[in-house]
Amino acid sequence: MAVTVAGITAPVNGDRLWRSLMDMAEIGATAGGGVGRIALSDLDKASRDLFVGWCREAGLAVRIDRMGNIIGRRAGADDDAPPVVTGSHLDSQPLGGKFDGAYGVLAGLEVVRALNDAGITTRAPLEIVDWTDEEGVRFTAGVVASGVYAGQFDLDYGLNLPDREDTTTLGRELARIGYDGDAPCGGYPISAFFEAHIEQGPILEREGAVIGAVLGAQGRRCHTITVTGEEGHAGTLPMTLRRDALVGAARMIDGLNRLAFDFDPLPVITAGYLQVRPNSRNTVPGRVTFSVDIRHPDNALLADICARAESLCRRLAEEAGVAVEIAEMFGRDSVAFDPDCVEAVRAAAKRLDLVCRDIHSGAGHDACNLAHIAPTGMIFVPCKDGISHNEREAATPGDLAAGCQVLLEAMVARAGIA
Ligand SMILES: [Zn+2]
C-alpha cells in the first residue's frame with residue numbers, strides 16, 4: 001500500500017499507518033464500528049499512553065505541555081531552528097469515527113517512521129502533536145488547547161473550563177489522567193504547521209480527487225439559547241394557557257434551519273444540543289436550553305446571518321409567549337491558510353501524480369488556531385460519502401497513505417534535508 005510513484009523523498013508505509021489506525025480505534029471502539037473517546041476520559045488517557053509509547057519507539061523525545069498537549073520531537077541537524085510541526089487530535093465525538101483526528105496524529109508518526117527507515121535527518125526539527133480536547137464534547141468550546149498554544153486563549157481560561165455538568169474542570173481532569181504536563185504551552189517560534197485530516201465532506205470523493213489542498217476554514221459563531229416558559233401539569237393545563245418552552249424552542253430550531261436557505265452561498269446552521277427542564281412526560285416544559293452553531297466563509301455575511309437569527313428567535317418567542325435569552329459562547333472568524341503552505345501541498349501532490357483540488361474546510365480544526373502564529377496548511381483526503389462525526393466514517397488505506405506521503409513531502413520541503 002506504499003505509494004509507488006517517482007518523486008518520493010522517503011516512502012511512507014501505508015500498511016503500517018493503517019495498522020496503527022486500527023490499533024488506536026480499538027480504544028473506545030463502539031458497537032456500531034466507530035470510536036467514542038471523549039477528551040480526558042480514561043479512554044483518552046489510554047489512547048495517549050499508546051501514542052506516547054509509539055513516539056518513544058520511533059525515537060522521539062516526548063514532552064507534555066501545560067494544556068496536556070503531547071509533543072513528540074525528532075531532532076534536526078540544526079536543532080535550534082524552529083520546528084516544522086504537524087498533528088491533530090486523538091479525542092473523538094461520543095459516537096465518532098476511526099479517522100477524524102487520529103489520522104492526522106498517526107500520519108505525523110508515520111512520517112517520522114518513514115524518515116527513520118530511510119535514514120533521513122531533516123535540517124529543522126520535526127514535532128508531532130496530539131492536541132488536547134479538539135472535539136469540545138465535555139468542556140464546551142473545543143480546539144481549546146491548540147488555541148492556548150497559539151495565544152488565542154489564556155492558559156487559565158483553558159485550565160478552568162468547566163465540564164458541561166459543572167462538576168470538574170479541564171485542568172483537574174488533566175491531572176486526574178496524569179497529563180498535566182509542565183512544558184510551556186506554545187510561546188516558541190515554529191517554521192510551519194501542517195495538519196492531515198479526512199475531509200468530513202463529500203467534495204473530494206465526488207470529484208475523484210485524492211488530495212485536497214485546503215485554502216482555509218469558514219467562520220463560526222456558537223450561541224446558547226435559553227427559552228423560558230412556565231411548567232404545568234400535562235393533563236390539566238389547557239392548550240390556550242400554555243407557555244411551553246419546548247414548543248418555542250422547536251419553532252426557533254425550525255425557523256433557523258429555514259433561514260439558512262435565504263443566503264447564497266448557503267451557511268450551515270445547526271442546533272445540536274438540547275436540554276429540557278424538567279424533562280418529564282407529565283409536565284409542560286418550563287425551560288429549554290439549546291445550542292446554535294452558524295458557519296459561513298464570508299465574515300460579513302456571517303455577522304448578518306447571526307443578526308437575522310437573533311431577531312427571528314425574538315419574534316418566535318413572542319409568538320409562543322415565552323422569554324428568550326441569546327448568548328454568544330464563542331466565535332471565530334474565517335481563516336485563510338498560508339499561500340506557501342497551500343502551494344507546498346499542491347506541489348507534493350503533483351510530484352506524486354495524485355489528483356488534487358483546492359478546497360475550503362467546513363469544519364474548524366486545530367490548524368485554524370495555529371494559522372495565527374505560523375504559516376499553516378492542511379491536507380484533506382476523501383472520506384466515504386462525506387460522512388464524519390459518525391460511527392460509519394470510513395476512508396481507504398490507499399487515500400490515507402497518499403495524504404501521509406504528501407504530508408511527508410510538504411514537511412521535508414519546509415524543514416530541508418541535512
Ligand atoms: Zn478532527
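Q: Which strand gives the most to the lining of the second largest pocket?
A: Strand 13, residues 323–332, with three residues. Strands here are DSSP runs of E, at least two residues, and helices are runs of H or I, at least four, numbered from the N terminus.

Q: Before I go on, what am I looking at?
A: A predicted model: local features need pLDDT of at least 70, side-chain atom pairs count only at pLDDT 80 or more, and totals for chains, interfaces and linings use all residues. Residues are numbered from 1 along each chain as its sequence is written, and side-chain values use heavy atoms, with hydrogens and water left out.

Q: Back to that pocket. How much space lies in it?
A: About 190 Å³. That volume is the space filled by probe spheres set on grid points, which are joined across faces, edges and corners.

Q: And how is a pocket defined?
A: On a 1 Å grid over the protein atoms alone, a pocket is an open set of points where a 1.4 Å probe fits, with protein on both sides within 12 Å along at least five of seven lines. Lining residues have an atom within 4 Å of a point.

Q: Which residues lie nearest the centre of the second largest pocket?
A: Gln 152, Phe 153, Gly 331, Arg 332 and Asn 369, out of 13 lining residues.

Q: What's the lining like by class?
A: Five nonpolar, six polar and two charged residues. Ala, Val, Leu, Ile, Met, Phe, Trp, Tyr, Cys and Pro count as nonpolar; Asp, Glu, Lys and Arg as charged; the others, Gly among them, as polar.

Q: Met 329 is in strand 13 too. What does Met 329 touch?
A: Cys 222, His 223 and Thr 224, leaving out residues up to four places away in sequence. Contact means heavy atoms within 4.5 Å. Met 329 and Cys 222 are 107 residues apart in sequence but 5.5 Å apart in space, C-alpha to C-alpha.

Q: New topic, the metal. Which residues coordinate the zinc ion?
A: His 89 through NE2, Asp 100 through OD and His 197 through NE2, at 2.0 to 2.2 Å. Donors are N, O and S atoms within 2.8 Å of the metal (3.2 Å for Na, K and Ca). Water is not among the atoms, so the site may look incomplete.

Q: How are the donor residues spaced in sequence?
A: H-x10-D-x96-H. His 89 and Asp 100 both lie in the loop between strand 3 (84–88) and helix 3 (102–118), so the pair ties together parts eleven residues apart in sequence. His 89 and Asp 100 are both buried.

Q: What about Asp 44, buried or exposed?
A: Buried, with a relative accessible area of 2%. Asp 44 sits in helix 2. Its side chain reaches the backbone nitrogen of Leu 40 at 2.6 Å. Beyond four places in sequence, Asp 44 touches Ile 38, Ala 39 and Asp 91.

Q: And where is Thr 30?
A: In the loop between helix 1 (14–25) and helix 2 (42–57). The side chain of Thr 30 makes a polar contact with the side chain of Glu 391, at 2.7 Å. A polar atom of the Thr 30 side chain also lies 2.9 Å from the backbone nitrogen of Gly 34.

Q: What counts as a polar contact?
A: A pair of N or O atoms within 3.5 Å; within protein, one must be able to donate a hydrogen and the other to accept it. Residues adjacent in sequence count only if both atoms are side-chain atoms.

Q: Now backbone checks. Which residues do the cis peptide bonds join?
A: One joins Asp 264 and Pro 265, with omega about -5 degrees. Another joins Arg 277 and Pro 278, with omega about 5 degrees. Pro 278 is in the loop between strand 10 (274–277) and strand 11 (283–284).

Q: What is phi at Asp 133?
A: Near 45 degrees, a positive value in a residue other than glycine. Val 143 also has a positive phi, about 40 degrees. Most residues other than glycine have a negative phi, and most peptide bonds are trans.

Q: Where do I find Val 143?
A: In the loop between strand 4 and helix 4. Val 143 counts as buried at 8% relative accessibility.

Definitions and conventions: Buried means under 20% relative accessible area, exposed over 50%, partly exposed in between (1.4 Å probe, protein chains only).
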